[in-house]
Amino acid sequence: MRKGTAWVLLATGLGLAFIITISGALRAQGVGDEDDNIPFHLNGHVWRSKKAFIESGARCATRHVDEVEAEEVEKARRKAANGRGASGGQTSSDVYDLAASGSPTPINVYFHVINKGSGISNGDVPDSQINAQVNVLIDAYLGSGFTFNFSLVTGVDRTTNATWYTAGPGSQAEAQMKAALRKGSEMDLNIYTNNPGGGLLGWATFPWNYSNNPTNDGVVILYSSLPGGSAAPYNLGDTATHEVGHWLGLYHTFQGGCSKSGDYVSDTPAERSPAYGCPTGRNTCKQTGIDPIQNFMDYSDDDCMYEFTGGQAARMQSMWTTYRQ
Ligand SMILES: [Ca+2]
Ligand SMILES: [Ca+2]
Ligand SMILES: [Zn+2]
């Protein structure tokens, strides 16, 4: 072999090794799981990619809690927990002990369907989908020995109102809808389905906001996010699971990015930004652990998310005891 050819082969080999290494690193970060050049369609809207949809904020319109408020909330939670003689800390052993508590906390669900006429295309989801949705909640929160159980107490109420049907977060229509329909106390979960537009999937209120505005308390979700709905890939009912997580006091797993406190849950690895699609092995923060993309409090597709952690269960229980019982 001529010396020149050998150099060319060596250079080509090194180049290939470099390319393979780089693509491996990109895969490890989850880059390439979703094609960011494919338009993403949801509920009559089109974004240039699923990434663009995620960045638009429509995936979840629950109000963002900044660092200052999150610290205040944490102080109040710890103070209340210490007052009860419970551990106020969040350590890896701070896992809710279902066996010790005896039974899961029952939560009554009041389900309010807002439609603009009859039939699914007008948002009038059938009872079968609502029952399936409640079962998704039960499985998610109870399935792995967790803390809450959900049941529809008084069935479902249905309201035909074109204004409430498109009510968005913080709107006058939302306030009117909730003032007219909300039932129960701080312990009761009110779920509203409508079609807020903009590709919005849902939003929730936090437990520490109940006392200031009891009427506003609850969860609003896009009607087609219910199990069997048309909002693929968000149509297995996990929008409700995610929003109820907020209602019980959880933040997104990417809250605070790679900062130390993050989502104030010690067993969810820190995550720099929302995951979308199902980017297995994604690792965006140098702290131990790959990103919790399978967690209900991330932004992954419904068929990708399937868990809450013990730390999240402990936080929800602590929030429940502090604000909802
Ligand atoms: Ca965490
Ligand atoms: Ca990490
Ligand atoms: Zn959210």
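Q: Why is aspartate 36 called partly exposed, rather than buried or exposed?
A: In this predicted model, aspartate 36 has 15 other C-beta atoms within 10 Å. A buried residue would need 20 or more, and an exposed one 12 or fewer. Aspartate 36 is therefore partly exposed.

Q: Where is aspartate 36 found, and which residues does it touch?
A: Aspartate 36 is in the loop between helix H1 (3–28) and strand S1 (40–42). Not counting residues up to four places away in sequence, it touches Ser49 and Lys51. The C-alpha atoms of aspartate 36 and lysine 50 are separated by 6.8 Å, with the two residues 14 apart along the chain.

Q: What makes asparagine 43 count as buried?
A: Asparagine 43 has 20 other C-beta atoms within 10 Å. The cut-off for a buried residue is 20 or more, so asparagine 43 is buried. Its place is in the loop between S1 and strand S2 (45–47). Although asparagine 43 is not a glycine, it has a positive phi of about 50°.

Q: How do you know that tyrosine 264 is buried, and in which loop does it lie?
A: Inside 10 Å, tyrosine 264 has 20 C-beta neighbours. Since 20 or more are required, tyrosine 264 counts as buried. The loop is the one between H8 and helix H9 (310–324). Tyrosine 264 also has a positive phi, of about 60°, although it is not a glycine.

Q: Why does glutamate 74 count as partly exposed?
A: Glutamate 74, in helix H3, has 15 C-beta neighbours inside 10 Å. That count lies between the limits of 12 or fewer for exposed and 20 or more for buried, so glutamate 74 is partly exposed. Glutamate 74 and tyrosine 264 are 190 residues apart in sequence, but 7.9 Å apart in space, C-alpha to C-alpha.

Q: What makes H3 roughly perpendicular to H9?
A: Helix H3 (residues 67–83) and H9 pack at an angle of about 80°, with their axes 10 Å apart. Angles from 65 to 115 degrees count as roughly perpendicular, so H3 is roughly perpendicular to H9. In this contact, Arg77, Ala80 and Ala81 in H3 meet Ser318, Met319 and Thr322 in H9. By class, these residues are three nonpolar, two polar and one charged.

Q: Which residues of H5 and H8 meet?
A: Gln133, Val136, Leu137 and Ala140 in H5 meet Asp238, Ala240, Thr241 and Val244 in H8. The contact of H5 with H8 has five nonpolar, two polar and one charged residues.

Q: Why is H8 described as largely enclosed by the rest of the structure?
A: Ten of the ten residues of H8 are buried, so H8 is largely enclosed by the rest of the structure. Among them are His242, Glu243 and Trp247. The elements covering the buried residues of H8 include H5, S5, strand S6 (202–204) and S7. Just after H8, glycine 249 takes a positive phi of about 105°.

Q: How do you know that the buried residues of H7 lie on the same side of the helix?
A: In helix H7 (residues 172–181), the buried residues are Glu174, Met177 and Lys178. They cover an arc of only 90° around the axis, which puts them on the same side of H7. In general, an α-helix has 3.6 residues a turn, so residues three or four places apart point the same way. Gln172, Ala179 and Ala180 are exposed on the other side of H7. Cover for the buried residues of H7 includes strand S3 (105–115), helix H6 (162–165) and strand S5 (189–194).

Notes
Residues are numbered from 1 along each chain as its sequence is written. Chains are lettered from A and ligands numbered from 1 in the order in which they are written. This is a predicted model: local features need pLDDT of at least 70, side-chain atom pairs count only at pLDDT 80 or more; totals for chains, interfaces and linings use all residues. Two residues are in contact if their C-beta atoms, placed from the backbone, lie within 7 Å. Helices (H or I, at least four residues) and strands (E, at least two) are DSSP runs, numbered from the N terminus. Ala, Val, Leu, Ile, Met, Phe, Trp, Tyr, Cys and Pro count as nonpolar, Asp, Glu, Lys and Arg as charged, and the others, Gly among them, as polar. The arc is that of the directions from the helix axis to the C-beta atoms. Axes are lines fitted to C-alpha atoms, for helices over the stretch in contact, and angles run from 0 to 180 degrees between N-to-C directions. Angles under 35 degrees count as roughly parallel, over 145 as roughly antiparallel, 65 to 115 as roughly perpendicular and the rest as oblique.
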